[in-house]
Amino acid sequence: MAVRAMHHLPDDSVLRRKAKRVPKIDSSIQRIIDGMIETMKQSSGVGLAAPQVGVSLRVVVLQMPDDEESTAIINPEIVKRAGEQEVTEGCLSVPGYYGEIKRSESVTVKGLDRQGKAIRIKAIGLMAQALEHELDHLNGILYIDHIESQEKLHKIEPETGAGKVRRE
Ligand code: NI
């Protein structure tokens with residue numbers, strides 16, 4: 001399956017749109033998921049949402065650093081959030097920057113897996129952060145929208161790589 005072209009700022013029309021629910025899980029959705037997983041791996045990301053590859057549908061993929069397999073969630077919804085964590089975050093659609101924001105410490109997400117089976121995921125820490133980040137993408141929200149002040153947004157230094165963070 002082919003790696004798909006990444007959409008990023010300032011070309012943000014698809015990134016800022018609210019993505020549509022997937023009406024039916026068919027072979028075209030399977031192809032989109034396969035392409036998203038390839039694209040996430042090639043970009044060394046821990047997560048990716050369909051709008052980032054130009055597809056305005058409610059599909060996300062995730063792969064935490066210790067995971068052997070990637071996870072796809074179709075029509076995901078956050079049903080519970082708890083606590084707060086300060087995180088450093090980057091986004092494949094906002095190249096060259098990273099920032100410090102607040103995320104929930106734990107989240108519970110329900111949705112469908114790639115076979116259409118109902119799933120429920122309870123996550124803490126990095127996985128909770130990634131789920132909130134990817135689900136934001138489905139609503140046209142980027143992490144930079146959560147930045148409280150300009151001092152919390154930083155440029156990655158291209159020469160030293162200082163400020164390299166996990167990107168989603
Ligand atoms: Ni992102």
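This is a predicted model: local features need pLDDT of at least 70, side-chain atom pairs count only at pLDDT 80 or more; totals for chains, interfaces and linings use all residues.
**Surface first.** The protein exposes about 8,700 Å². Carbon and sulfur atoms supply 47% of that area. Now colour by burial: of the 168 residues, 45% count as buried.

**The whole chain.** Switch to a cartoon view. Which elements will you find? The protein has two helices and eight strands. Walk along from the N terminus, and the order reads α-β-β-β-β-β-β-β-α-β. The radius of gyration is 15 Å, close to the 15 Å that the globule rule gives for 168 residues, so the protein is as compact as a globular protein of that length. Turn the model along its principal axes: the C-alpha atoms fill a box of roughly 45 × 35 × 30 Å.

Next, look at how the chain meets itself.

**The nickel ion.** Which protein atoms are its donors? They are Cys91 (SG), His133 (NE2), His137 (NE2) and Glu168 (O). These atoms lie 2.1 to 2.4 Å from the ion. Along the chain, the donors follow the spacing C-x41-H-x3-H-x30-E. His137 lies in helix α2 and Glu168 in the segment after β8, so this pair ties together parts that are 31 residues apart in sequence.

The angles among the four donor atoms run from 98 to 140°. Four donors count as tetrahedral if all angles lie between 85 and 135 degrees. The site of the nickel ion is irregular.

Are His137 and Glu168 buried or exposed? His137 is buried, and Glu168 is buried too.

**Asp145.** Now move to Asp145. Where does it sit? Find the loop between α2 (125-138) and β8 (153-155); Asp145 is in that loop. Asp145 is partly exposed, with a relative accessible area of 39%.

Show what Asp145 touches. Leave aside its neighbours within four places in sequence, and the contacts are Arg16 and Gly140. Zoom in on Arg16. Its side chain makes a polar contact with the side chain of Asp145, at 2.7 Å.

**Last stop.** Select Val79 together with Asp145. Draw a line from C-alpha to C-alpha: the two are 22 Å apart in space. In sequence, Asp145 and Val79 are 66 residues apart.

Notes: Residues are numbered from 1 along each chain as its sequence is written. Side-chain values use heavy atoms; hydrogens and water are left out. Helices (H or I, at least four residues) and strands (E, at least two) are DSSP runs, numbered from the N terminus. Buried means under 20% relative accessible area, exposed over 50%, partly exposed in between (1.4 Å probe, protein chains only). Contact means heavy atoms within 4.5 Å. A polar contact is a pair of N or O atoms within 3.5 Å; within protein, one must be able to donate a hydrogen and the other to accept it, and residues adjacent in sequence count only if both atoms are side-chain atoms. Donors are N, O and S atoms within 2.8 Å of the metal (3.2 Å for Na, K and Ca); water is not among the atoms, so sites may look incomplete. Four donors count as tetrahedral if all angles lie between 85 and 135 degrees; four count as square planar and six as octahedral if opposite donors are over 155 degrees apart and all others between 65 and 115; anything else is irregular. The radius of gyration is taken over C-alpha atoms; the globule rule is 2.2 Å times the number of residues to the power 0.38. Accessible areas come from the Shrake-Rupley method with a 1.4 Å probe; for residues, only the protein chains shown count as cover.
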